[in-house]
Amino acid sequence: MRVFVIVFLLAQIIACSPNETATKASFDESHIRQDIKILSSDKFEGRAPNTYGEKLTLQFLTRSFEEMGLKKPNDNGYLQAVPMISYSASKKQVIRLGDLNLQSGQDIMLNSRHDNENIDIQHAPLVFVGYGINAPEYKWNDYRDIDMKGKIALILVNDPGFAHPNSELFDGKAMTYYGRWTYKFEEASRQGALGAIIIHQTKPAGYPWSVVTNSWNGPQQDLQPNKNDTNNRILVEGWLTFDRAKQLFKQAGLPLKNVLDRASASEINLPLNMTASISFKNKTSYSNSYNVIATLPGSTQADEHIIFTAHWDHIGTDKQKTGDNIYNGAVDNASGTAGMLAIARKFIQLAKENGPLARSLTFIATTGEEQGLLGSRYYVDHPIYPLSETVAVFNLDSSNIYGPTTDYIIVGKGKSELEDYLIKNATLQQRHAISEAKPEVGGFFRSDHFSFAKNGVPAVFAGGGNHPIDEATAIKKAQMKKNVQGCYHDICDEYREDWDLRGAIEDLNVYFNAANELASNHDWPGFYKGSEFYSLRPAHPPITD
């Protein structure tokens with residue numbers, strides 16, 4: 001007992017004292033800024049896949065990895081081809097829901113992920129299917145006892161837990177994967193529906209209508225499907241504004257508020273006794289985009305890999321706009337890509353000074369994240385290194401540009417033991433780890449780490465904080481946030497010299513030190529019991545006497 005007390009007290013002293021390893025990686029801020037400026041410059045045209053901007057981005061990333069001396073993982077050098085198909089819906093669309101004639105972009109956004117030149121739907125029945133969820137584990141099926149063949153589903157965004165955050169519905173306030181728009185289109189396809197339209201609401205979606213129009217305007221990429229996948233997919237998919245949805249339900253004699261209350265309380269499907277007619281031209285093209293992958297080999301456990309990911313892509317340009325029409329994507333995600341390059345450089349420096357780590361480190365700049373995590377989805381289906389030998393994934397998607405914080409956000413906190421490494425190293429910076437402020441918007445499912453997690457690899461997405469370290473930083477943050485308000489997925493997401501990257505560098509240190517420790521031991525973090533991924537790689541059982 002006496003020995004235990006001494007050990008415990010020593011542990012407490014260490015945990016409360018500054019840690020030399022927590023700050024030893026002195027990142028070159030000027031280099032990080034330069035990488036961000038290059039990647040988000042107008043010359044790179046918003047870095048959309050299959051564009052000139054992609055060509056420049058691939059050249060920049062391969063040159064960066066080559067200059068570092070990182071290993072090329074395959075015969076294609078640093079590139080992993082990701083076969084994509086691009087769908088371009090015509091701007092001229094004839095859309096009629098019930099008695100409403102709708103304007104594309106203003107009222108509704110539709111596209112088709114079919115290789116059909118002409119999309120022509122006439123008088124398809126409209127059916128409201130609540131949240132569009134079929135979840136046996138929650139005893140919830142909005143499609144119960146209805147045949148959706150030839151019908152178009154109208155669906156609410158998020159899941160029932162959003163409307164009842166203090167209830168036991170789903171995961172309460174935190175969005176489950178059933179709340180993601182990607183799931184809703186997938187499930188409508190499985191149900192045999194002809195089409196699916198999500199009713200947009202800013203709060204449950206987590207973003208305004210402008211994000212939908214900016215993201216869905218122009219070509220939409222997807223992974224090249226096999227024939228069966230295409231045949232089973234809904235013919236049209238998209239979003240409808242809430243105001244237009246209210247008008248539509250009023251015509252059906254159903255006040256939308258009453259319908260929303262019913263949908264959030266229990267499963268529901270409700271034929272609206274009205275139809276949809278939709279027609280537009282649709283073009284498709286096939287090409288490869290690319291993930292960029294580089295490895296720093298380990299020594300005694302070289303077959304075991306710790307992966308860093310950051311998506312290099314953004315949403316390109318909008319040729320319909322006059323004036324500035326480039327979505328530069330400086331924060332999202334030139335900043336995360338630059339951060340990953342900075343971490344790679346630091347690990348190379350560490351290897352030169354102390355020799356290689358036991359485990360290998362692999363850096364993946366992914367394509368097509370903005371179009372549905374395409375590059376990371378393709379990688380987990382076609383891994384360069386087996387997922388069974390992949391220890392963990394650290395994902396960088398946007399950086400803290402507002403300065404140091406006293407807290408540290410782990411998105412979806414409570415998923416896996418990998419978070420313990422982050423919490424330890426954030427604590428050594430005198431920061432406390434918290435979950436994101438709005439788990440209801442489903443941040444855990446919206447970036448590349450999710451592709452790995454749902455395939456059984458513990459993956460984290462963390463950084464930033466809500467509380468600035470001092471009053472001066474708080475004042476500057478408030479002004480900066482005012483300046484960039486509404487810039488997510490908009491043309492104003494541009495690099496600014498007034499960014500305070502001290503916070504971003506703090507976050508890079510947390511990832512660096514966590515990965516450094518994990519690459520030097522034999523630990524295999526697993527998912528906690530209660531996580532939806534627990535069965536794929538369970539956390540270590542508790543140690544008992």
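Me: Is Lys37 buried, partly exposed or exposed?
Reply: This is a predicted model, in which local features need pLDDT of at least 70, side-chain atom pairs count only at pLDDT 80 or more, and totals for chains, interfaces and linings use all residues. Residues are numbered from 1 along each chain as its sequence is written, and side-chain values use heavy atoms, with hydrogens and water left out. Buried means under 20% relative accessible area, exposed over 50%, and partly exposed in between (1.4 Å probe, protein chains only). Lys37 has 32% relative accessibility, so it counts as partly exposed.

Me: Which residue meets the side chain of Lys37 in a salt bridge?
Reply: A salt bridge is a side-chain nitrogen of Lys or Arg within 4 Å of a carboxyl oxygen of Asp or Glu. For Lys37 the N to O distance is 3.5 Å, and the partner is Glu497.

Me: How many residues apart in sequence are the parts that Lys37 and Glu497 tie together?
Reply: Helices are DSSP runs (H or I, at least four residues), numbered from the N terminus. Lys37 lies in helix H3 (residues 29-39), while Glu497 is in the loop between helix H16 (471-483) and helix H17 (502-518), so the parts tied together are apart in sequence by 460 residues.

Me: Which residues are joined into one network with Arg233 and Glu237?
Reply: Arg233 and Glu237 form a salt bridge at 3.2 Å, N to O. Glu237 is buried, with a relative accessible area of 1%. Through salt bridges that share partners, the network also takes in Arg113, Asp222 and Arg377.

Me: Which cysteine does a disulfide join to Cys487?
Reply: A disulfide is a pair of cysteine sulfur atoms within 2.5 Å. Cys487 is buried at a relative accessible area of 6%. Its sulfur lies 2.1 Å from that of the partner, Cys492.

Me: What is the handedness of the link of Cys487 and Cys492?
Reply: Cys492 is partly exposed, with a relative accessible area of 24%. The angle about the S-S bond is -120°, and the link is left-handed.

Conventions. Helices (H or I, at least four residues) and strands (E, at least two) are DSSP runs, numbered from the N terminus.
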